[in-house]
Protein chains: 2
Amino acid sequence: MFKELALKRESCRGYDGRPVPHELLQEILETACLSPSACNSQPWRLLAVEGETAEKLRPMVQAAGLNRFADKVSTFVVICETKASLKEGVSGDRQRFAQMDVGMVTMMLTLAAADQGVSTCILGCFRENKIKELLNIPEDVVVRLVVAMGYAEKEGVRKKVRKPYSETIGYQSW
Amino acid sequence: MFKELALKRESCRGYDGRPVPHELLQEILETACLSPSACNSQPWRLLAVEGETAEKLRPMVQAAGLNRFADKVSTFVVICETKASLKEGVSGDRQRFAQMDVGMVTMMLTLAAADQGVSTCILGCFRENKIKELLNIPEDVVVRLVVAMGYAEKEGVRKKVRKPYSETIGYQSW
């Protein structure tokens, strides 16, 4: 049941320091890339960061005392948004679809990880310019998110806190 | 294995006309709402549309000859983005996170559906103003996507076409 996996996936803020084995990481990244996207343009590049580079990246997600738990994270995936190439006639701000596509591929990444017993935390606050410099990310690429990955120090998951369904789900009319 | 579900989920453009049973729809929507979001602000409202209202909505996703297959879609979910309420100190364009959050909840919705044998297609082109009028959606809410839902007329899934992994996955450096 997918719902079990959805309940298992949570934002983990307590890691035991172990990195995600490289082969498993590649498998998780490949599964994430099965994500859909507008016009199948796949406007993302997932940059996995391990070892010494992960040590250098760590403080870049810890500005202003944020994300102290990242001290024990040894694997990061930097989610980059690339230029979406959409079909003629797709209306609106075309790059706006890319942001949703980036959300989708990140969701897939965290689910693929949870399925393999790998915990994640999606980080939205980081020093983008420093990360771009560290990883040689081109000027025109946007770093949208950084996903911390590893193994939870404690077993079990928290109870999910969500708005009442009546607020987030409706039928036929607002 | 999550990968099996990820391979099973695809954008279906051939439906048999049957609606998704209401109880199952609710279950799928509830699972989708387990999606994470920045500061857990859940900036979405999922409006499910069935029956006569679905018939009225149908032409609104078929402007300019688009999405003819929707003629045989009897269930839609309109994905609305609501104002994100984020913690102090979360930097950047705060509503930008909401777009990624909307991508995530939509991804969850399509996976929860696929898990139940329900096919989906995420639609990005539609007459937003007409949909807002039909469903009494408030002025300040944005309709980001519409998800067509139903049962595929054919069994089996297509082979997924994706960029080579070397383009979408990298290590340590761009």
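The following questions and answers concern the fold and the chain contact of a predicted model.

In this predicted model, local features need pLDDT of at least 70 and side-chain atom pairs count only at pLDDT 80 or more, while totals for chains, interfaces and linings use all residues. Residues are numbered from 1 along each chain as its sequence is written, and chains are lettered from A in the order in which they are written.

Student: What pattern does chain A follow when read along the sequence?

Tutor: Helices (H or I, at least four residues) and strands (E, at least two) are DSSP runs numbered from the N terminus. On that basis chain A comes to six helices and five strands. Read along the sequence, they give the pattern α-α-β-α-β-α-β-α-β-α-β.

Student: In what order do the five strands of the open sheet lie?

Tutor: Two strands pair if DSSP finds at least two bridges between them. Six bridges join β1(A) to β2 (residues 75-81) of chain A, and these two run antiparallel, with V49(A) standing opposite F76(A). The edge strands, each pairing on one side only, are β3 (119-123) of chain A and β5 (169-171) of chain B. The pairing is mixed, and the order is β3(A)-β4(A)-β2(A)-β1(A)-β5(B).

Student: Which residue of β1(B) is the bridge partner of G170(A)?

Tutor: Three bridges join β5(A) to strand β1 (residues 44-49) of chain B, and the two strands run parallel. Within β1(B), the bridge partner of G170(A) is L47(B).

Student: Which element gives the largest share of the side of chain A that touches chain B?

Tutor: Counting two residues as in contact if their C-beta atoms, placed from the backbone, lie within 7 Å, the contact takes 62 residues from chain A and 62 residues from chain B. The elements that give two or more residues to the chain A side include α1 (2-8), α2 (22-32) and β4 (142-150). The largest share, 14 residues, comes from α4(A).

Student: Why do the copies meet through the same surface?

Tutor: Superposing the copies by least squares on the C-alpha atoms of residues with pLDDT of at least 70 in both, a rotation of 180° with 0.0 Å of shift along its axis places chain A on chain B with an RMSD of 0.0 Å. That is the relation of a two-fold axis. The copies meet through the same surface because the share of the interface residues of chain A that are also interface residues in chain B is 100%.
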